[in-house]
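Here are my notes for you on this model, point by point. Keep the viewer open and click along as you read.

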Amino acid sequence: MNKRVLFGLFLGFLIAVTGFNVYAQTNASNDELQAKVKQLQANKQQILKENQELKQTLQRQHPAKIQARHRTLVDQVSAFVETAFVHSKETYQERKKQAQSIMSDELINTFFPTETYRGKTNTSIDHVQLFIETGNLTSNHATVLVRFYHTLHSLQNDQEQVSDVFLEIDVQKQDGRWRVVDFKQAT
(Lines give C-alpha, C1' and ligand atoms only; values in the text may rest on other atoms or scores of the structure.)
Protein backbone atom coordinates (compact mmCIF):
# COMPACT_ATOMS: atom_id res chain seq x y z
CA MET A 1 0.00 0.00 0.00
CA ASN A 2 2.90 2.21 0.58
CA LYS A 3 3.67 2.07 -3.10
CA ARG A 4 0.10 3.04 -3.95
CA VAL A 5 0.22 6.06 -1.67
CA LEU A 6 3.57 7.09 -3.04
CA PHE A 7 2.30 6.61 -6.60
CA GLY A 8 -0.86 8.64 -5.78
CA LEU A 9 1.20 11.47 -4.27
CA PHE A 10 3.51 11.46 -7.27
CA LEU A 11 0.54 11.48 -9.64
CA GLY A 12 -1.09 14.32 -7.69
CA PHE A 13 2.15 16.30 -7.71
CA LEU A 14 2.51 15.73 -11.47
CA ILE A 15 -1.07 16.89 -12.09
CA ALA A 16 -0.52 19.97 -9.90
CA VAL A 17 2.73 20.93 -11.69
CA THR A 18 1.12 20.39 -15.10
CA GLY A 19 -1.90 22.47 -14.10
CA PHE A 20 0.36 25.26 -12.82
CA ASN A 21 2.36 25.23 -16.09
CA VAL A 22 -0.82 25.42 -18.17
CA TYR A 23 -2.11 28.28 -16.00
CA ALA A 24 1.21 30.16 -16.24
CA GLN A 25 1.38 29.69 -20.02
CA THR A 26 -2.20 30.90 -20.46
CA ASN A 27 -1.54 34.03 -18.40
CA ALA A 28 1.71 34.76 -20.27
CA SER A 29 -0.07 34.36 -23.61
CA ASN A 30 -2.88 36.59 -22.39
CA ASP A 31 -0.42 39.32 -21.40
CA GLU A 32 1.28 39.12 -24.80
CA LEU A 33 -2.08 39.22 -26.56
CA GLN A 34 -3.17 42.22 -24.48
CA ALA A 35 0.04 44.05 -25.43
CA LYS A 36 -0.54 43.26 -29.12
CA VAL A 37 -4.17 44.38 -28.86
CA LYS A 38 -3.08 47.70 -27.32
CA GLN A 39 -0.48 48.18 -30.06
CA LEU A 40 -3.05 47.44 -32.78
CA GLN A 41 -5.53 49.84 -31.18
CA ALA A 42 -2.88 52.57 -31.14
CA ASN A 43 -2.07 51.89 -34.80
CA LYS A 44 -5.77 51.97 -35.65
CA GLN A 45 -6.19 55.34 -33.91
CA GLN A 46 -3.20 56.76 -35.81
CA ILE A 47 -4.57 55.54 -39.14
CA LEU A 48 -8.02 56.90 -38.37
CA LYS A 49 -6.49 60.27 -37.49
CA GLU A 50 -4.49 60.35 -40.76
CA ASN A 51 -7.60 59.32 -42.69
CA GLN A 52 -9.58 62.16 -41.09
CA GLU A 53 -6.83 64.65 -41.97
CA LEU A 54 -6.87 63.47 -45.59
CA LYS A 55 -10.66 63.81 -45.71
CA GLN A 56 -10.38 67.37 -44.40
CA THR A 57 -7.72 68.17 -47.00
CA LEU A 58 -9.96 66.82 -49.75
CA GLN A 59 -12.88 68.85 -48.46
CA ARG A 60 -10.74 72.00 -48.60
CA GLN A 61 -9.54 71.11 -52.09
CA HIS A 62 -12.46 70.46 -54.37
CA PRO A 63 -11.67 68.57 -57.58
CA ALA A 64 -12.19 71.75 -59.60
CA LYS A 65 -9.57 73.56 -57.49
CA ILE A 66 -7.15 70.65 -57.85
CA GLN A 67 -7.69 70.62 -61.60
CA ALA A 68 -7.19 74.40 -61.78
CA ARG A 69 -3.97 74.07 -59.78
CA HIS A 70 -2.69 71.37 -62.14
CA ARG A 71 -3.69 73.39 -65.21
CA THR A 72 -1.83 76.44 -63.86
CA LEU A 73 1.25 74.35 -63.13
CA VAL A 74 1.18 72.80 -66.59
CA ASP A 75 0.80 76.23 -68.21
CA GLN A 76 3.64 77.79 -66.19
CA VAL A 77 6.04 74.89 -66.71
CA SER A 78 5.21 74.72 -70.42
CA ALA A 79 5.87 78.44 -70.71
CA PHE A 80 9.15 77.97 -68.82
CA VAL A 81 10.30 75.21 -71.17
CA GLU A 82 9.34 77.28 -74.24
CA THR A 83 11.01 80.40 -72.86
CA ALA A 84 14.19 78.78 -71.58
CA PHE A 85 14.91 76.18 -74.25
CA VAL A 86 13.74 77.79 -77.51
CA HIS A 87 16.46 80.19 -78.62
CA SER A 88 16.47 82.50 -81.61
CA LYS A 89 17.75 85.99 -82.24
CA GLU A 90 14.30 87.24 -83.26
CA THR A 91 12.48 86.26 -80.07
CA TYR A 92 15.18 86.89 -77.44
CA GLN A 93 13.78 90.16 -76.04
CA GLU A 94 10.20 88.86 -75.97
CA ARG A 95 11.26 85.67 -74.15
CA LYS A 96 13.38 87.66 -71.69
CA LYS A 97 10.38 89.84 -70.86
CA GLN A 98 8.10 86.80 -70.49
CA ALA A 99 10.65 85.14 -68.17
CA GLN A 100 9.99 87.80 -65.50
CA SER A 101 6.64 86.21 -64.61
CA ILE A 102 7.68 82.58 -65.07
CA MET A 103 11.02 82.02 -63.35
CA SER A 104 13.19 83.20 -60.47
CA ASP A 105 15.71 86.01 -60.93
CA GLU A 106 18.55 83.51 -60.69
CA LEU A 107 17.16 81.50 -63.60
CA ILE A 108 16.52 84.66 -65.62
CA ASN A 109 20.19 85.57 -65.22
CA THR A 110 21.17 82.05 -66.25
CA PHE A 111 19.07 81.94 -69.43
CA PHE A 112 19.20 85.64 -70.38
CA PRO A 113 22.63 86.96 -69.29
CA THR A 114 22.91 89.68 -71.96
CA GLU A 115 20.68 92.38 -73.41
CA THR A 116 20.80 90.89 -76.92
CA TYR A 117 21.15 87.36 -78.22
CA ARG A 118 24.74 86.65 -79.23
CA GLY A 119 24.41 82.95 -79.98
CA LYS A 120 25.21 81.26 -83.24
CA THR A 121 22.46 78.67 -82.93
CA ASN A 122 18.70 78.42 -82.96
CA THR A 123 17.00 75.83 -80.81
CA SER A 124 13.55 74.31 -80.71
CA ILE A 125 11.68 71.70 -78.70
CA ASP A 126 9.29 68.92 -79.67
CA HIS A 127 7.16 66.28 -77.96
CA VAL A 128 6.95 67.94 -74.56
CA GLN A 129 5.59 65.67 -71.80
CA LEU A 130 4.82 66.94 -68.29
CA PHE A 131 4.39 64.82 -65.17
CA ILE A 132 3.30 66.56 -61.98
CA GLU A 133 4.29 64.80 -58.78
CA THR A 134 1.32 64.72 -56.48
CA GLY A 135 1.65 65.07 -52.78
CA ASN A 136 0.23 67.57 -50.35
CA LEU A 137 -2.63 69.13 -52.28
CA THR A 138 -2.40 72.42 -50.41
CA SER A 139 1.37 72.83 -50.65
CA ASN A 140 2.95 75.93 -52.18
CA HIS A 141 5.66 73.77 -53.73
CA ALA A 142 5.49 71.30 -56.60
CA THR A 143 7.88 69.15 -58.58
CA VAL A 144 7.25 68.62 -62.27
CA LEU A 145 9.09 66.14 -64.46
CA VAL A 146 9.47 67.24 -68.07
CA ARG A 147 10.67 65.25 -71.05
CA PHE A 148 11.18 66.73 -74.51
CA TYR A 149 13.38 66.62 -77.61
CA HIS A 150 15.70 69.59 -77.88
CA THR A 151 16.93 70.43 -81.40
CA LEU A 152 20.05 72.56 -81.77
CA HIS A 153 20.47 74.13 -85.24
CA SER A 154 23.87 75.65 -85.95
CA LEU A 155 23.66 78.84 -88.03
CA GLN A 156 27.32 78.57 -89.06
CA ASN A 157 27.37 75.14 -90.68
CA ASP A 158 23.64 74.36 -91.00
CA GLN A 159 23.78 71.17 -88.89
CA GLU A 160 21.18 69.87 -86.46
CA GLN A 161 21.64 67.94 -83.28
CA VAL A 162 18.66 66.42 -81.42
CA SER A 163 18.89 65.36 -77.80
CA ASP A 164 16.40 63.82 -75.40
CA VAL A 165 16.05 66.01 -72.30
CA PHE A 166 14.54 64.87 -68.99
CA LEU A 167 14.31 67.54 -66.25
CA GLU A 168 13.06 67.77 -62.69
CA ILE A 169 11.64 71.27 -62.24
CA ASP A 170 10.91 72.82 -58.83
CA VAL A 171 8.01 75.27 -58.80
CA GLN A 172 6.93 77.49 -55.90
CA LYS A 173 3.92 79.69 -55.38
CA GLN A 174 5.16 83.25 -54.80
CA ASP A 175 2.82 86.21 -54.51
CA GLY A 176 -0.07 84.08 -55.71
CA ARG A 177 1.72 82.89 -58.88
CA TRP A 178 3.65 79.73 -59.64
CA ARG A 179 7.29 80.42 -60.51
CA VAL A 180 10.04 78.03 -61.53
CA VAL A 181 12.78 78.33 -58.92
CA ASP A 182 15.16 75.54 -59.90
CA PHE A 183 15.64 72.62 -62.25
CA LYS A 184 18.06 69.76 -62.67
CA GLN A 185 18.67 66.85 -64.96
CA ALA A 186 16.40 64.00 -63.88
CA THR A 187 17.73 60.48 -63.71
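1. Let's start with a term. A residue is called buried when its relative accessible area is under 20%, exposed when that area is over 50%, and partly exposed in between, using a 1.4 Å probe and protein chains only. By that rule Asp 175 is exposed, because its relative accessibility is 84%.

2. A word on where things come from. This is a predicted model, so local features need pLDDT of at least 70 and side-chain atom pairs count only at pLDDT 80 or more, while totals for chains, interfaces and linings use all residues. Residues are numbered from 1 along each chain as its sequence is written, and side-chain values use heavy atoms, with hydrogens and water left out.

3. Now the sheet. Helices (H or I, at least four residues) and strands (E, at least two) are DSSP runs numbered from the N terminus, and two strands pair if DSSP finds at least two bridges between them. Here four strands make an open sheet in the order 1-2-3-4, with antiparallel pairing. Strand 1 (121-132) and strand 4 (177-185) are the edges, each pairing on one side only. From one strand to the next, the twist averages 35°.

4. Have a look at the pairings inside that sheet. Strand 2 (residues 141-154) and strand 3 (residues 160-174) run antiparallel and are joined by 13 bridges. In that pairing, Leu 152 has Gln 161 of strand 3 as its bridge partner. Strand 3 also pairs with strand 4, again in the antiparallel sense, over eight bridges. There, Leu 167 sits opposite Gln 185 of strand 4.

5. What does helix 2 (residues 63-85) touch when it packs on the sheet? Counting a contact as heavy atoms within 4.5 Å, helix 2 touches strand 1, strand 2, strand 3 and strand 4. Its direction makes about 160° with that of strand 1; for such angles, axes are lines fitted to C-alpha atoms (for helices, over the stretch in contact), and the angles run from 0 to 180 degrees between N-to-C directions.

6. Stay with helix 2 for a moment. It has 23 residues and reaches 32 Å from first C-alpha to last, close to the 33 Å expected at 1.5 Å a residue. That expected span is 1.5 Å times one less than the number of residues. Its buried residues include Leu 73, Val 77, Phe 80 and Phe 85. Among the elements covering the buried residues of helix 2 are helix 3 (92-99), helix 4 (105-111) and strand 1.

7. Next, the helix pair. Two packed helices are described by the angle between their axes and the distance between the axes. For helix 2 and helix 3, the axes come within 9 Å and cross at roughly 145°. On the helix 2 side, Ala 79, Glu 82 and Thr 83 meet Arg 95, Gln 98 and Ala 99 in helix 3.

8. How many salt bridges does the structure hold? Two, where a salt bridge means a side-chain nitrogen of Lys or Arg within 4 Å of a carboxyl oxygen of Asp or Glu. One joins Arg 71 and Asp 75 (3.0 Å, N to O); both residues lie in helix 2, four residues apart, about one turn of the helix. Arg 71 is partly exposed at 48%, and Asp 75 is partly exposed at 40%.

9. The other salt bridge has Glu 168 and Lys 184 meeting at 4.0 Å, N to O. This pair links distant parts of the chain, with Glu 168 in strand 3 and Lys 184 in strand 4, 16 residues apart. Glu 168 is partly exposed at 23%, and so is Lys 184 at 48%.

10. Finally, some backbone angles to check. Most residues other than glycine have a negative phi. His 127, in strand 1, has a phi near 55°, which is positive, and counts as exposed at 61%. Asp 158 takes a positive phi near 55° in the hairpin of strand 2 and strand 3, which has five residues between the strands. Back to Asp 175: it also has a positive phi, about 55°, although it is not a glycine. You'll find Asp 175 in the loop between strand 3 and strand 4, a hairpin with two residues between the strands.
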